[in-house]
Amino acid sequence: TTMRTSKVKNATAIPYKPDKCYDGLNVSNATLDANAVAASGRYVAVAVASGTGGAVAILPLERTGKFIPSEVPTLQAHAAQVYDFAFSPFDDALLGTVADDA
């Protein structure tokens, strides 16, 4: 066996600058049946921890940087844990959620 030299041996990862990331979100550690993040052409939605049931933070794509958890725009539409959510492929502002509500 011979070892081949990598064509990208000088490539290094360049991390995003903090002002281009979403920081300070209280992301949920609950087990989801699907992804914990969804995005449309205008928004990104993230499952966040909430003491009163399922909550989803909805953030505009252009609004990045550090967030104060109490000021994050949050959708609190269910009394139980949110298991899945997705944006409509036809309307960037329409988010569907699924929870275990009675």
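Student: Where is S88, and why is S88 called buried?
Tutor: S88 sits in the loop between β7 (82–87) and β8 (95–99); helices (H or I, at least four residues) and strands (E, at least two) are DSSP runs, numbered from the N terminus. Buried means under 20% relative accessible area, exposed over 50%, and partly exposed in between, with a 1.4 Å probe and protein chains only. The relative accessibility of S88 is 18%, so S88 counts as buried. This is a predicted model, in which local features need pLDDT of at least 70, side-chain atom pairs count only at pLDDT 80 or more, and totals for chains, interfaces and linings use all residues. Residues are numbered from 1 along each chain as its sequence is written, and side-chain values use heavy atoms, with hydrogens and water left out.

Student: Which backbone nitrogens lie by a polar atom of the S88 side chain, at 3.0 Å and at 3.3 Å?
Tutor: The backbone nitrogen of F90 is at 3.0 Å, and that of D91 is at 3.3 Å.

Student: What is the place of A45, and why is A45 called buried?
Tutor: A45 belongs to strand β3. Its relative accessible area is 0%, so A45 is buried.

Student: What is A45 in contact with, leaving aside neighbours within four places in sequence?
Tutor: Contact means heavy atoms within 4.5 Å. With those neighbours set aside, A45 touches A36, V37, A38, V56, A57, F85, F87 and L95. A45 and F87 are 42 residues apart along the chain, with 8.6 Å between their C-alpha atoms.

Student: What makes up the largest nonpolar core?
Tutor: A nonpolar core is a set of buried Ala, Val, Leu, Ile, Met, Phe, Trp, Tyr and Cys residues joined through side-chain atoms within 4.5 Å. The largest has nine residues: L25, V44, V46, V48, A55, A57, L59, F67 and V72. Strands β3 (43–48) and β4 (55–60) are the elements giving two or more residues to this core. A second, separate core has eight residues, including A47, V56, F87 and L95.

Student: What makes β2 and β6 edge strands?
Tutor: Two strands pair if DSSP finds at least two bridges between them. Three bridges join β2 to β3, which run antiparallel, and V37 stands opposite V46 in β3. The open sheet has four strands in the order β2-β3-β4-β6, with antiparallel pairing. β2 and β6 (74–75) each have a single partner strand, so one side of each lacks a neighbour in the sheet.

Student: What is the average pLDDT of the chain?
Tutor: The average is 81, and 86% of the residues score at least 70, where pLDDT is the predictor's confidence in each residue, from 0 to 100.

Key:
A polar contact is a pair of N or O atoms within 3.5 Å; within protein, one must be able to donate a hydrogen and the other to accept it, and residues adjacent in sequence count only if both atoms are side-chain atoms.
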